[in-house]
Amino acid sequence: RKATYPSPADGLEIPVYVFEPLAARGPRAHPALVWVHGGVHSSWDEQYLPFVLEAVRRGYVVVAPDYRGSTGYGAAHYNAIDYGGREVDDVLGAHAFLATLPAVDTARVGVMGWSHGGFITAHLLF
């Protein structure tokens, strides 16, 4: 499903894809992954789907935010890219979003990405 959450940087609404197991194990029973897409000006697309489906089959809830600078959300969202600044905050906000999902155990959340998504992931870990 598609949802949004406010960026902790400035309240910008961040679009996010949400993938959850069809059979929930119960409240706060699922670990989660924040999947950060690559490409400075790109967005989540079907190339990530095989990896996301495997994670969901293993019981993970996966969220994939289209942080500022992502394509497909108009010129203002596209031009708001901050190259290592606010888009890092946008992805950090995914953790607070995960806390609103009843099945997610927020003590077991991972983050991953490659290319610019890996760059954002590294900044989050610092």
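Biologist: How are residues numbered, and what do local features and side-chain atom pairs need?

Modeller: Residues are numbered from 1 along each chain as its sequence is written, and side-chain values use heavy atoms, with hydrogens and water left out. Because this is a predicted model, totals for chains, interfaces and linings use all residues, whereas local features need pLDDT of at least 70 and side-chain atom pairs count only at pLDDT 80 or more.

Biologist: Which residues of helix α1 are buried?

Modeller: Helices (H or I, at least four residues) and strands (E, at least two) are DSSP runs, numbered from the N terminus, and buried means under 20% relative accessible area, exposed over 50% and partly exposed in between, with a 1.4 Å probe and protein chains only. Pro50 and Arg57, on the other side of α1, are exposed. In α1, which spans residues 49–57, the buried residues are Val52, Ala55 and Val56.

Biologist: Why do the buried residues of α1 line one face of the helix?

Modeller: The arc is that of the directions from the helix axis to the C-beta atoms. Seen down the axis of α1, the buried residues line one face because they fall within an arc of 100 degrees.

Biologist: Why is the pair of tyrosine 17 and tryptophan 44 tilted?

Modeller: Rings of Phe, Tyr and Trp (its six-membered ring) pair if their centres lie within 6.5 Å, and planes under 30 degrees apart count as stacked, over 60 as edge-to-face and the rest as tilted. The centres of these two rings are 5.2 Å apart, and the pair is tilted because the planes are at 40 degrees.

Biologist: How many residues apart are tyrosine 48 and tryptophan 114?

Modeller: At 2% relative accessibility tyrosine 48 counts as buried, while tryptophan 114, at 37%, counts as partly exposed. Tyrosine 48 is in the loop between β3 and α1 and tryptophan 114 in the loop between β5 (104–113) and α4 (116–125), so that the pair links distant parts of the chain, 66 residues apart.
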